[in-house]
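Thank you all for coming.

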Amino acid sequence: KYFNIIVLYKTKLLGRKKMKKFVKNLLIIMATTLLFSCAKQSNSQKSIAVFVPGIMDDSPTYAKLANGVKQAVEEYNANKDENSKCNLFIMEAGTNQAEWSDKIISLASTGKYQVIISSNPSLPDLVEPIIQQFPAQKFILLDAEKEGNNNINTVCYNQYEQAYLTGYIAGLMTKSNKLALIAAQEYPVMNNVLLPYFEKGAQDANSATTVDFRIVGNWYDATKGAELTDAVIKNGVDVILPICGGAAAGVISSAKNNNAKITWFDDSGFSRAPDTIISSTTNAQDKMAYEKTLEYLEGKTPWGTHKMVGVKEGFVDFVQDDENYIKNVPAEIREKMAALVEEIHKGKDVRN
């Protein structure tokens, strides 16, 4: 109605020759306004990307990350109209860490995702330069530690407790007093937490134990994992902790062939090799991913902060009820492990 009035009024003032130019300009203004309005509405709709730094089929930890976020988004979207629902995109980045930064940049550069959710100790250092390029991009990073950057929120599992519990059972179960930790690579959490507290737990259980530390060089080479395992077993190692992603398949194969035992990390691994894997420490990655995603969707993310959660908070556990654990670990050792878990649950700090 108002458009018609304006056109009639301008026609009288300008004449027909100038009228075409006026209408053209007015239509451009109206189209631009409409596009801006639509963009604003689109930007107000929540959108999340999950960056999987690996392959979900090879890593239960990353599968739990994606599943936890997906569950939270589905719950949030229930009973909402299409314009109010949160969009979710999941990217598997593969095991080549050299490509991760470029793939995160490709996500951030689209401007589609208000937050990127991921999980890996190396990610804070990777994303900080990316935030300088894309200052609106937010990151929620699990299994990572960073404070003071208002675009990042991190949470980590108490891997002091995980490594200590894993070392303690290894120290109790070894007959040769020789253990090994086979890692994908060296990184701060490995060098400063996992290796030293695996050693500490083992030596607190059995002061005669030693730990042979070997590096695969990547997170996927199962052949190299098997070769390293063969080598340490020849040196007398009889209990091994693999923290090496897909390369752990080679560690398991060698351990089975050589009658060695494995302590597993981050999820319940007994079904992978029931008579070879003697223990599992777990983290509740799916629960944490779910909670952190809902926290974001509700606008409650404490940006710039970090927290660590462990046994007491229900995010780290030592599996005691699996039939393979009960079958392969003597009762007196299971009793010692149960007592240790209870002490940690009540507040024991394994760092002391």
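This is a predicted model: local features need pLDDT of at least 70, side-chain atom pairs count only at pLDDT 80 or more; totals for chains, interfaces and linings use all residues.

Let me start with D349 and R351, whose side chains meet in a salt bridge at 3.1 Å, N to O, where a salt bridge is a side-chain nitrogen of Lys or Arg within 4 Å of a carboxyl oxygen of Asp or Glu. D349 is partly exposed, with a relative accessible area of 30%, and R351 counts as partly exposed at 38%; buried means under 20% relative accessible area, exposed over 50%, and partly exposed in between, with a 1.4 Å probe and protein chains only.

Residues are numbered from 1 along each chain as its sequence is written, and side-chain values use heavy atoms, with hydrogens and water left out.

The structure holds 10 salt bridges, and another of them joins K327 and D275, with the closest N and O atoms 3.1 Å apart. K327 lies in helix α11 (residues 323-328) and D275 in the loop between β9 (261-266) and β10 (277-283), so this pair ties together parts that are 52 residues apart in sequence; helices (H or I, at least four residues) and strands (E, at least two) are DSSP runs, numbered from the N terminus.

Now to helix α4, residues 100-110, where W100, I104, L107 and A108 are buried. Seen down the axis of α4, these buried residues fall within an arc of 95°, so they line one face of the helix, the arc being that of the directions from the helix axis to the C-beta atoms. What covers them includes β1, β2, β3, α5 and β4, with contact meaning heavy atoms within 4.5 Å. After α4 comes G111, whose phi is positive, near 70°.

Finally, which side chain of opposite charge is nearest to K64? K64, found in helix α3 (residues 60-77), is buried yet has no salt bridge, and that nearest side chain is D286, 5.1 Å away; Lys and Arg count here as positive and Asp and Glu as negative, with His and the chain ends not counted. The side chain of K64 does, however, reach the backbone oxygen of D266 at 3.4 Å. Leaving out residues up to four places away in sequence, K64 touches D266, D267, N283, Q285, D286 and A289.

Key: A polar contact is a pair of N or O atoms within 3.5 Å; within protein, one must be able to donate a hydrogen and the other to accept it, and residues adjacent in sequence count only if both atoms are side-chain atoms.
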